[in-house]
Amino acid sequence: MEEVDEKRCIKILPPKLVLQKKEPALQWLIGSPFLSPLTIVSTLRCIHHLSPQESVSPDFTKEAEDLRTLLLKGFYIIGALVVGNFNVEEHARKAIDLARRLNQLLSHGEKSEKQLLIGAVADFNSTDIHFFVSDSGNGTSLDSVSSVMYENNPEKYIWERGCLLRCELPISVPLYIPLDSPSDVEKTYTHAIESVVSKLSDPQVVYAVESLYKNSTEDPCPVILRGSQMDFQINLSKIRHLNEGSQNADGMSFPCEHFCLKSKTESTTFCSQNADIVQVSVLLNSSGKSQKSNAPVVEYLPAMDKARLLVVDLKVEVLCYAAKYLPLTYAVSMLVIPGVVDQLNSMKNAIFPNLLKQLPQLVPYHFCPPGFLHPITATYELTYGETEMKQVELRKALHLRLGLPFDRPVLRIASALDFSSRKDNLPRKGSFLLKDVHIGIPSSGVSGGQTSIVQGSYEYHHYLQEGFNDSGWGCAYRSLQTIISWFRLQHYTSIDVPSHREIQEALVEIGDKDDSFIGSREWIGAIELSFVLDKLLGVSCKIINVRSGAELPEKCRELAAHFDNQGTPIMIGGGVLAYTLLGVDYNEASGDCGFLILDPHYTGSDDIKKIVSGGWCVWKKAVDSKGKNFFLHDKFYNLLLPQRPNMV
């Protein structure tokens, strides 16, 4: 009966299944062997086609090459979805056949057990999605599925059942290249990588398994596994035969759950960023066991001809998804090591064209983009930095594949999952500061106004923070720090929020100030702030000059448009004072306008109640009920409007 039930119901976890309905497309449907066979965890768009005019003619070789490292081991293709005006049943069969062919490539041609595959067709002109299932793999037997269920709490569904496995492995590959036959270098390099791959599954290799995050002295001790215990030939499809009742049937290792500490607490928040992570370290036991003591032996193998040494340094970092009941031996042999091998081979192919030139600096990063329930992995080439055009094009392709917007940098390095900071539980610079202090404050008092406020999070920077006395001169510096914190928290940059001295050094470096400016208490204004944002972040700014405070309400429409379209905080400077503007409340009919002011002149402790009650983050009307002007009529004001970069 269970088999029949699975064929009759498809479970959909992602919030958005069809990534783009306005044009024909092919999407791969992603599932996991640790979940129900017809559970769709995510979807990835096919971006490599044999013919640009044909949306259902994928270039399988390129698609497999991308997905082999992008998709975590523990997830795999369970079907395909075709978007367009098509014959439904015909294209459902085709979708199933395409998914089967891609699966064959991803499994390196290995034969797998019979697998249920989904063929789905989405219509251009409606919201209908037609689902079919085939257990033959080629669509010859096709069953229509009318029962579709959307999971209410998809994060809990995935992470209550599973955890992440992480393996970080730095590898140095020495190559001796004969000077008289440099063309042999590719053969030498291939042989060296193959040698590394074979050692990963050597009987003498040792795997140390432990929890990535240590919480107390009661944490479980690391577990040592040996290559001789592993079955590296077992196919991933056979995982289905394991279940929670047979979790330790092999008798050789604990289940992954042994190191899942977070799931043992009642206040667990289920999401990929908060998932249990099991760390796997690979150790090569070169000496092995010996019955008697032996002196170390050094073997000298001289080169027969003149040669030069080339060392290829690789940094491998793999994430995998595993059921918590899965025995560690299977987790390592079926998930971690195949993941390491695939990433190694991908790096090998990327390095080949430049082997005798400047070696590319390849670094894998893991991301959990908006709308995705699990991480994905991308390898970036950082020889010339992440803003180099080749890397921009790579991120654009990833945005297209994942269905992400093209005006948000969600796949920049600053957005990557950071395991090191979570491991030591040390706060990053600025992370202890108050964020988003405007949330929950009293309304502006503008009758019938339209509110436009900052989009996203920021940190509140003000006088005397971090033990630095800038009272009386540092308000614009603090406003700039708040603005930069916004760009950092929105992942447009990974740099730390600069100190006053670092801001001054940037202005000196670009030639705006003399060397004597560094360490001084000189004020800065909108022009200097724009220079620093351009220098440190590559952010352009718009500056509005206002002759007096009385004219500021006339700019409310323009300021509202800024917050609606750009969403960045604004610096207002007048005389020797500077404020951060977080929003406006504007009644276009009456002209009444309120300004949401974040005041950097505050000198107290970071107590949100004291800040709000003291009016340090408050709505200010240009003219209050007593006729008092917040912005002085005889002052000249500059408004700095940072522009959100339209970048990936």
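Residues are numbered from 1 along each chain as its sequence is written. Local features need pLDDT of at least 70, side-chain atom pairs count only at pLDDT 80 or more, and totals for chains, interfaces and linings use all residues, while side-chain values rest on heavy atoms, without hydrogens and water.

**Exercise 1. Confidence**

Find the mean pLDDT of the protein chain, then look at residues 246–251 and 422–430.

Solution. Start with the score itself: pLDDT is the predictor's confidence in each residue, from 0 to 100. The chain has a mean of 86, and 88% of its residues reach 70 or more. Next, residues 246–251 have pLDDT below 50, with 9 contacts (heavy atoms within 4.5 Å) beyond near neighbours in sequence. Residues 422–430 stay under 50, and the model has 18 contacts for them beyond four places in sequence. Where pLDDT is low, the predicted coordinates should not be read in detail.

**Exercise 2. An open sheet**

Work out the order of the strands in the sheet that holds β1, β3 and β9.

Solution. First, the terms: strands (E, at least two residues) and helices (H or I, at least four) are DSSP runs, numbered from the N terminus, and two strands pair if DSSP finds at least two bridges between them. The order is β3-β1-β9, in an open sheet with parallel pairing. β3 (39–40) and β9 (147–150) each have a single partner strand, so one side of each lacks a neighbour in the sheet. Now zoom in: β1 (residues 9–12) joins β3 over 2 bridges, and Lys11 stands opposite Thr39.

**Exercise 3. Strand β6**

Decide whether strand β6 (residues 117–122) is buried or exposed, and trace its partners.

Solution. Buried means under 20% relative accessible area, exposed over 50%, and partly exposed in between (1.4 Å probe, protein chains only). In β6, 6 of the 6 residues are buried, so the strand is largely enclosed by the rest of the structure. Leu117, Gly119 and Val121 point one way, while Ile118, Ala120 and Ala122 point the other. As for partners, β5 (residues 76–83) runs parallel to β6 over 5 bridges, with Ala80 opposite Gly119. On β7 (residues 129–134) the pairing is antiparallel, over 6 bridges, and Ile118 has Val133 as its bridge partner. β6 and β7 form a hairpin with 6 residues between them.

**Exercise 4. Gln391**

Locate Gln391 and list its contacts.

Solution. Gln391 lies in helix α7 (residues 389–402). Its relative accessibility is 2%, so Gln391 counts as buried. Leaving out residues up to four places away in sequence, Gln391 touches Tyr380, Glu381, Gly385 and Glu386.
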